[in-house]
Amino acid sequence: MNRFRILYLLFFVALPISLVAQFVHPKYEYRAVWLTVIENLDWPRTQVRSEADIRVQKQELIGILDSLSMLNVNCVMLQTRVRGDVIYPSAIEPFSKALTNVPGGDPGYDPLAFAIDECHKRGMQLHAWVVALPLGSAQYVKEQGRKALKNRKPSLCRLYKGSWYMEPGRPGTADYLCDLVSEIVSGYNVDGIHLDYIRYPDRPNGYPDGNLHSRYGRGLSLGDWRRSNITEIVRRVYGTVKALKPWVMVSCAPLGKHDDLTAYSSLGWNARCTVFQDAQEWMREGIMDALFPMLYFKGNDFYPFVLDWNENISSRHIAPGMGTYRLLPQYGDWDAVELQRQMLTTRSAGAAGTVMFRTRHLLDDIDNFSHIYSAINRYKALVPPMKWLSTKEPQAPSALNGHWSGDTLFLSWIAADAAPSEPPMRYNLYVSTDSIVNICDATNILTLMHNDTAYAWVGAPRTTMQFAVTAVDAYGIESRAARWECRFVYPRLRRDEFLLPHPCDWGMRIVIRDASGMQLYSTPYSMRVGVRGLLSGVYTLEVVARDGRILSRIPFSR
């Protein structure tokens, strides 16, 4: 590893956080989370036993996604295959117990389809998180009964240290996983397939696959043979996804340390030699689009290994997974500043973003961390494009225009055509008071990955504004912009009155503010309001409901 980069990174870690935060607001960055279903850890908290429970379970997910959207999260890894069971109606595996508290129980709706729709409404990607090889504890699998994989395909399964696993050394394991992934990609508009536990069991000393090695080993050492087994599964899954929908991202979550480094030991716990994940080689071969290594460490167990991943990823994406669960006393009792520094130094090192484990720990605001996360990710960001899969610039939208109705600006444009085999374009909107809105500046983003060709923006302008809209194709590549200038002319009022459209309600008030936003005075509501006594200038009149809601915000000048 480049020692200069290590020194640079350590220098960066030592900088005051307030100074570091001013360095950059990236437009492209993973702001991702793992949303865990097993044991109802993140969702669902309510299990379906009635029609009413379906509504509650859906509303729980809506609440989570709304909260994530407010934090500018742009990618959700939703646990879709849990432990030999799934969260959608499958012809291959049973429903997860997490949905109904009954192994194989039908929840009465399609949770995966619902989650995809809700994520896309908020401009988020949804990646189907597939737990590849573990099938669960012996008790968990026993509860699945005849539908358990170990009963349907016993040759693919092995009991090891009290838990069941799919056997990587069996040629049929790759076939089975490819069938499962094919079912998801063919049936759903997922943005990605995210492989988890695509590795041998943790610390597999004594793993009893000697007979398989003798039969299928092809003269390879045990370690090389095991690595080749995992790599072949990855290669097959990647090929399956790309043959169906080449724009669907394939990613995985390897162990946080790929291997020992020259100056830093992995302490016997690494991806390549301990659990036989040769993840950096997968990137070099081109059978993985992104890696989200589970770097739930700190100090010299984090920073040098982030750099190692980043220097060995070819042209693809690396975004370290970070352990928000480490903030809990039973898992390390970290100070939130540790995660804050990791996020900022990872950004400075050129990584493609971060993934938080788990969602609940982020949203619970342990040690004020969700506020820290929000401050670091103050502006929205796009998931980075997959330019190694496509370099073609998509068609741009056209005829961007808008009109005001009250305090709402209604924008519309003509759609850009997508390739016949690809999903419809999504759209990014930008706004600025500069003479030309800079679409490369994240601070100008109004909304991202919008599904429609119309958008309603609520706000009262005080000056001329520039708007721009771009199209984004299925690979995340953005088009050129269509632009529109909104010239705002302040209404000139007669000296003695301002007519208002709201019917009078007890407790309503009128507030007048100057151009800085300072309140000049407040008075009970009347549909005819005098404005005598104001000096020449620009003001804002607000109609405020008795519960504090602002019903109208109307700029005017004197």
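Does His-25 count as buried, partly exposed or exposed, and at what relative accessibility? His-25 counts as partly exposed because its relative accessibility is 32%, which falls between the 20% limit for buried and the 50% limit for exposed. The views below come from a predicted model.

**View 1. His-25 and its contacts from elsewhere in the sequence.** His-25 sits in a loop. That loop runs between α2 (17-20) and β1 (30-35). Setting aside neighbours within four places in sequence, His-25 touches Tyr-379, Ala-442 and Thr-443. Tyr-379 is 354 residues away from His-25 in sequence. In space, the C-alpha atoms of His-25 and Tyr-379 are 7.1 Å apart.

**View 2. Strand β24 and its pairing with β21 and β25.** Strand β24 covers residues 538-544. Six of its seven residues are buried, so the strand is mostly covered. Strand β21 (residues 509-514) pairs with β24 in the antiparallel sense, over six bridges. Here Val-511 has Glu-542 of β24 as its bridge partner. Strand β25 (residues 550-557) also pairs with β24 in the antiparallel sense, over seven bridges. Val-544 stands opposite Ile-550 of β25. In a regular strand, side chains alternate between the two faces of the sheet.

**View 3. The turn of the β24 and β25 hairpin.** Five residues lie between the two strands. Among the residues of this hairpin, Gly-548 takes a positive phi near 95°.

**View 4. An edge-to-face pair, Tyr-160 and Tyr-207.** The structure holds 18 aromatic pairs. One of them joins Tyr-160 and Tyr-207, with 5.1 Å centre to centre and 80° between the planes. Tyr-160 belongs to strand β5 (residues 157-160). Tyr-207 belongs to the loop between β7 (192-196) and α9 (210-216). The pair therefore ties together parts 47 residues apart in sequence. Tyr-160 counts as buried at 6% relative accessibility. Tyr-207 is buried too, with a relative accessible area of 5%.

**View 5. The rings of Phe-302 and Tyr-303.** Their centres are 5.0 Å apart. Their planes meet at 85°, so this pair is edge-to-face. Phe-302 and Tyr-303 are both buried.

**View 6. A cluster of aromatic rings.** Ring pairs link Trp-34, Tyr-296, Tyr-325, Tyr-331 and Phe-357.

**View 7. Charges over rings, at Tyr-197 and Phe-297.** The charged end of Arg-83 sits over the ring of Tyr-197, 5.6 Å from the ring centre. Lys-257 lies over the face of Phe-297, at 4.6 Å from the ring centre.

Key: Residues numbered from 1 in each chain as written. Predicted model: local features only at pLDDT ≥ 70, side-chain atom pairs only at ≥ 80, totals over all residues. Heavy atoms only, no water. Buried < 20%, exposed > 50% of the residue type's maximum accessible area, 1.4 Å probe, protein only. Helix = DSSP H or I, 4+ residues; strand = E, 2+ residues; numbered from the N terminus. Pairing = 2+ DSSP bridges. Contact = heavy atoms within 4.5 Å. Phe/Tyr/Trp six-rings, centres within 6.5 Å; stacked < 30°, edge-to-face > 60°. Lys NZ or Arg CZ within 6 Å of the ring centre and 35° of its normal.
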